[in-house]
Amino acid sequence: MPTIRQNFRFVDLFAGLGGFHVALSALGGTVVFAAEWEARLNQLYETNFGIRPWADVNDLDPTAVPDHEILTAGFPCQPFSKAGEQLGFAHTLQGQLFFKVRDILRAKMPSMFILENVPNILRHQKGETLRTMLSELRGLGYDVAITRLSPHQFGIPQVRDRAYIVGSRSGLSGFAWPAAESGTTDIRSVLSSESVPTRPVPAQTLRAIDIWGDFLKSAPVDVKLPSFPIWAMEFGATYPYETETPAALLAELGSEALNAHKGSFGRSLKGLGDSEVLKALPSHGRRLEYEFPSWKRSFIRQNRDFYAANSQWIDPWLKRSRIDQLPSSFQKFEWNAQGGRRDIEEYVIQARASGIRVKRTTTAPSLIAMTTSQVPIIGWEKRYMTPIECAKLQSLGGIELPELDLHAYKALGNAVNARVVQRIAEQLIDCTLGLGDEGERLDEESLEIAA
């Protein structure tokens with residue numbers, strides 16, 4: 001059972017749904033200041049926690065922030081995410097917000113801080129971004145430590161790696177990152193038989209799931225399914241990719257240079273005009289680049305080799321599935337359940353730009369803020385997880401969520417996981433404030449943090 005660490009104050013910057021608040025208030029902390037720029041979340045924070053956050057930290061005088069012992073900030077991750085342009089500090093709207101955090105630390109000098117961001121920040125700009133951040137933080141007199149943690153390490157069925165940075169003015173010699181908890185997790189622990197889906201899974205997505213379910217059942221039992229992403233459009237394709245690209249040949253020599261080759265699903269390119277050739281190629285083969293990156297060449301090679309060895313059963317599947325009529329993203333498949341029973345309805349499914357991804361129920365996919373279409377689908381019920389169930393994945397059960405599911409899913413995808421923060425904060429507070437186990441014991445049931 002966790003221990004209450006009483007009589008400390010904290011601020012909650014870029015608060016969102018309040019994951020840091022849930023974690024630290026459960027340990028006995030009192031919020032003295034919060035900031036959240038999105039209007040509906042700003043208002044919801046007040047509804048849930050009784051304090052109205054500041055709106056835009058860019059307009060905040062750092063000296064106006066009340067004194068506090070712990071500063072927390074899940075500063076915007078989009079400038080550092082692999083999914084975006086990775087502009088980092090050059091992002092004029094969000095990339096500079098780390099320096100606002102620094103300014104508040106400099107003005108108020110709290111005993112500790114906990115920062116959270118996407119793991120790509122550790123290697124962004126070849127590590128220069130992280131070096132800058134650590135230099136700024138250490139320059140203020142903080143001892144700093146950084147690591148990656150995921151909720152699945154703490155009994156929560158979600159794989160969601162995040163970078164956590166902690167700092168202490170009194171040093172971190174006694175600090176240890178929380179150890180992973182033993183035991184297994186399962187997505188069923190956060191599901192409810194009373195949950196009513198707020199939106200149906202689109203018919204085209206269901207069709208794609210059925211098609212790939214048929215693929216799994218069509219594969220002979222002695223055939224090992226690929227661990228690399230399956231790109232069905234490469235089945236039968238022969239266009240050049242190792243030392244030259246079709247788009248480059250098309251631009252330099254015209255469509256006749258590809259007459260002897262085949263495009264997506266083995267469609268002949270002979271006699272096609274330039275625009276028709278491009279349409280007959282996979283979307284990943286249309287870019288005007290003179291050399292494909294090594295990862296793309298590898299995926300193409302692996303898929304063509306797999307098809308060559310298995311065309312006897314793949315060809316009938318291609319013919320009956322008519323998968324070529326689906327959008328490109330649904331023509332891709334990621335099987336993350338090696339060794340498991342080949343029944344797609346027994347797993348958690350996610351429709352991503354990179355394809356239909358299938359994961360075991362013990363390692364559900366990370367919640368994504370970018371789009372509601374990537375909300376995990378419960379295979380055996382053919383439905384999206386509800387916002388309330390997703391809130392449990394973020395250890396935020398018990399708080400009020402945005403009314404519209406679109407807003408709720410987005411906010412949850414951006415949220416910090418309260419259980420992970422709680423585990424880190426316990427270690428950091430004990431190290432810095434020396435509270436140890438002297439605080440009052442708190443039953444797990446009294447926490448507003450779902451298992």
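Biologist: So helices (H or I, at least four residues) and strands (E, at least two) are DSSP runs here, counted from the N terminus. With that settled, where is F14 found?

Modeller: In this predicted model, F14 sits in the loop that links strand 1 (9-13) to helix 1 (19-26).

Biologist: And what is phi of F14 near?

Modeller: Phi is near 50° there, a positive value in a residue other than glycine. Most residues other than glycine have a negative phi.

Biologist: Is F14 buried or exposed?

Modeller: Its relative accessible area is 16%, and the cut-off for buried is under 20%, so F14 is buried.

Biologist: Which loop is R322 in?

Modeller: R322 lies in the loop between helix 8 (294-321) and strand 8 (332-336). R322 also has a positive phi, about 55°, although it is not a glycine. With a relative accessible area of 46%, R322 is partly exposed.

Biologist: Changing topic: how do the axes of helix 3 and helix 4 cross?

Modeller: Helix 3 (residues 97-108) and helix 4 (residues 128-139) have axes that come within 10 Å and cross at roughly 10°. Angles under 35 degrees count as roughly parallel, so helix 3 is roughly parallel to helix 4.

Biologist: Which residues make the contact?

Modeller: From helix 3 you have F98, F99, R102, L105 and R106, and helix 4 brings T132, M133, E136 and L137. Sorted by class, that contact has five nonpolar residues, one polar and three charged.

Biologist: What about the salt bridges: how many does the count come to?

Modeller: The count comes to 26. One of them joins the side chains of R131 and E128, at 3.2 Å from N to O. Both residues belong to helix 4 and lie three residues apart, about one turn of the helix.

Biologist: How accessible is R131, then?

Modeller: R131 is at 48% relative accessibility, so it counts as partly exposed. E128 is partly exposed as well, with a relative accessible area of 42%.

Biologist: Which residue does R383 form a salt bridge with?

Modeller: R383 pairs with E381, where the closest N and O atoms are 2.5 Å apart. R383 also meets E389 in a salt bridge, at 2.9 Å from N to O.

Biologist: Is E389 buried or exposed?

Modeller: E389 has 1% relative accessibility, so it counts as buried. R383 is buried too, with a relative accessible area of 7%, whereas E381 is partly exposed at 40%.

Biologist: Which residues do salt bridges that share partners join into one network?

Modeller: That network consists of R102, D103, R106 and E136.

Biologist: Last topic, the inside. How many residues has the largest nonpolar core?

Modeller: That core has 89 residues, and W212, F235 and W317 have the most contacts inside it. Helix 11 (residues 418-433) gives the most to this core, with seven residues.

Biologist: What is W317 in contact with, leaving aside its neighbours within four places in sequence?

Modeller: W317 is in contact with I211, W212, D214, F215, S218, A232, F235 and I323.

Biologist: And how many residues are in the second, separate core?

Modeller: The second core has 29 residues, among them V57, L130, L134 and I165.

Key. Residues are numbered from 1 along each chain as its sequence is written. This is a predicted model: local features need pLDDT of at least 70, side-chain atom pairs count only at pLDDT 80 or more; totals for chains, interfaces and linings use all residues. Side-chain values use heavy atoms; hydrogens and water are left out. Axes are lines fitted to C-alpha atoms, for helices over the stretch in contact, and angles run from 0 to 180 degrees between N-to-C directions. Angles under 35 degrees count as roughly parallel, over 145 as roughly antiparallel, 65 to 115 as roughly perpendicular and the rest as oblique. Contact means heavy atoms within 4.5 Å. Ala, Val, Leu, Ile, Met, Phe, Trp, Tyr, Cys and Pro count as nonpolar, Asp, Glu, Lys and Arg as charged, and the others, Gly among them, as polar. A nonpolar core is a set of buried Ala, Val, Leu, Ile, Met, Phe, Trp, Tyr and Cys residues joined through side-chain atoms within 4.5 Å. Buried means under 20% relative accessible area, exposed over 50%, partly exposed in between (1.4 Å probe, protein chains only). A salt bridge is a side-chain nitrogen of Lys or Arg within 4 Å of a carboxyl oxygen of Asp or Glu.
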